[in-house]
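Hi everyone, thanks for coming along.

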Amino acid sequence: MKVNLHTHTARCGHATGTEEEYVLAAIENGYAKLGFSDHTPFPYEGGYVNRTKMLPEQLPGYIETVLSLKEKYKDSIEILLGLECESVPRFFPYLQEISRDMDYLILGSHGDWSIGHTYSGRYTKPWQLNRYLADVVEGMESGLFLYVAHPDLMLGQYPEFDETAEFVSRQLCREANRLNIPLEYNLYGNLKPRPEGTLGYPYPPFWEIAAEENVQAVIGLDA
């Protein structure tokens with residue numbers, strides 16, 4: 001069965017096209033299920049705005065649009081309503097509340113820039129990988145999320161698969177198994193340039209460890 005649960009909309013500021021175009025492309029390519037999971041709008045304090053997420057006031061329109069397409073194309077494809085969310089504990093109650101309107105939430109840890117985190121895909125230091133591991137495990141333990149998106153995003157610009165990278169990769173896989181949460185092999189990462197001296201993602205040694213640890217895995221387009 002062809003399934004993709006990782007689909008964005010123009011509301012996040014770095015996607016193009018209409019929701020209906022995504023649906024039609026999925027139908028044309030033989031998909032049985034298409035899940036929309038745009039970046040979750042967090043109610044940041046002090047007027048902070050994250051330009052890679054939809055705004056809170058856009059959430060009702062997002063829900064309405066996806067549900068209308070779900071009904072319109074119900075005889076051709078199953079459409080699901082979800083969100084991709086950061087692991088930010090102070091917003092877990094908010095996620096719990098809005099999840100009542102969703103079919104699922106996925107955990108995509110990019111870094112909480114409102115408190116000065118660097119984008120997870122630009123990590124270059126061992127301590128950053130350890131913080132990423134702590135953030136993702138805390139998210140998985142919340143019980144809010146269906147699976148973890150691009151778990152190896154942390155290796156995107158990391159310079160070598162050193163002892164820390166190997167430890168964090170294996171520990172993340174073991175924690176996913178402990179909590180019975182799948183990890184996502186992210187196909188969009190294959191389209192991104194991999195500058196010399198960086199690992200990129202999806203990173204084969206990470207997934208070799210995942211295979212050794214026998215993790216559950218899903219494929220996500222991150223469309």
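Let me start with a question: which residue in strand 4 is the bridge partner of glutamate 84? The partner of glutamate 84 is isoleucine 106. Before I go further, a word on what we're looking at: this is a predicted model, where local features need pLDDT of at least 70, side-chain atom pairs count only at pLDDT 80 or more, and totals for chains, interfaces and linings use all residues. Residues are numbered from 1 along each chain as its sequence is written, and side-chain values use heavy atoms, with hydrogens and water left out. When I say helix or strand, I mean DSSP runs numbered from the N terminus, with helices being H or I of at least four residues and strands being E of at least two.

Now back to that pair of strands. Strand 3, residues 78–85, runs parallel to strand 4, residues 104–107, and four bridges link them; by pairing I mean that DSSP finds at least two bridges between two strands. Between the two strands comes helix 3, residues 92–98, and together the three make a right-handed β-α-β unit. Right-handed here means that, with the strands pointing away from the viewer, the path from the first strand over the helix to the second runs clockwise.

Strand 4 is covered on both faces: Tyr104 and Ile106 are buried on one side, and Leu105 and Leu107 are buried on the other. For accessibility, buried means under 20% relative accessible area, exposed means over 50%, and partly exposed is in between, using a 1.4 Å probe and protein chains only.

Zooming out, what is the order of the strands in this open sheet? The order is 1-2-3-4, four strands with parallel pairing. Strand 1, residues 3–4, and strand 4 are at the edges with a single partner strand each, so one side of each has no neighbour in the sheet. Helix 1 packs on this sheet and touches strand 2, residues 33–39, and strand 3, with its direction at about 150° to that of strand 2. Helix 2 also packs on the sheet, touching strand 2 and strand 3, and its direction makes about 155° with that of strand 3. Touching, or contact, means heavy atoms within 4.5 Å. For the angles, axes are lines fitted to C-alpha atoms, for helices over the stretch in contact, and angles run from 0 to 180 degrees between N-to-C directions.

Those two helices also meet each other. Helix 1, residues 19–28, and helix 2, residues 59–72, pack at an angle of about 35°, and their axes are 10 Å apart. On the helix 1 side we have Glu19, Glu20 and Val23, which meet Thr65, Leu69 and Lys72 in helix 2.

Glutamate 166 is in helix 5, residues 163–178, and is partly exposed at a relative accessible area of 38%. Setting aside neighbours within four places in sequence, glutamate 166 contacts Phe161 and Ile209. Threonine 164 is in helix 5 as well. Not counting residues up to four places away in sequence, threonine 164 touches Pro126, Leu129, Asn130 and Tyr158.

I'll finish with some backbone geometry. Most residues other than glycine have a negative phi, and most peptide bonds are trans. So which residues does a cis peptide bond join? They are tyrosine 201 and proline 202, with omega at about -5°. Proline 202 is in the loop between strand 5, residues 183–186, and helix 6, residues 204–212.

As for phi, asparagine 180 has a positive value of about 60° although it is not a glycine. Asparagine 180 lies in the loop between helix 5 and strand 5 and, at 54% relative accessibility, counts as exposed. Asparagine 214 also has a positive phi of about 60°. Asparagine 214 is in the loop between helix 6 and strand 6, residues 217–220, and counts as exposed at 61% relative accessibility.
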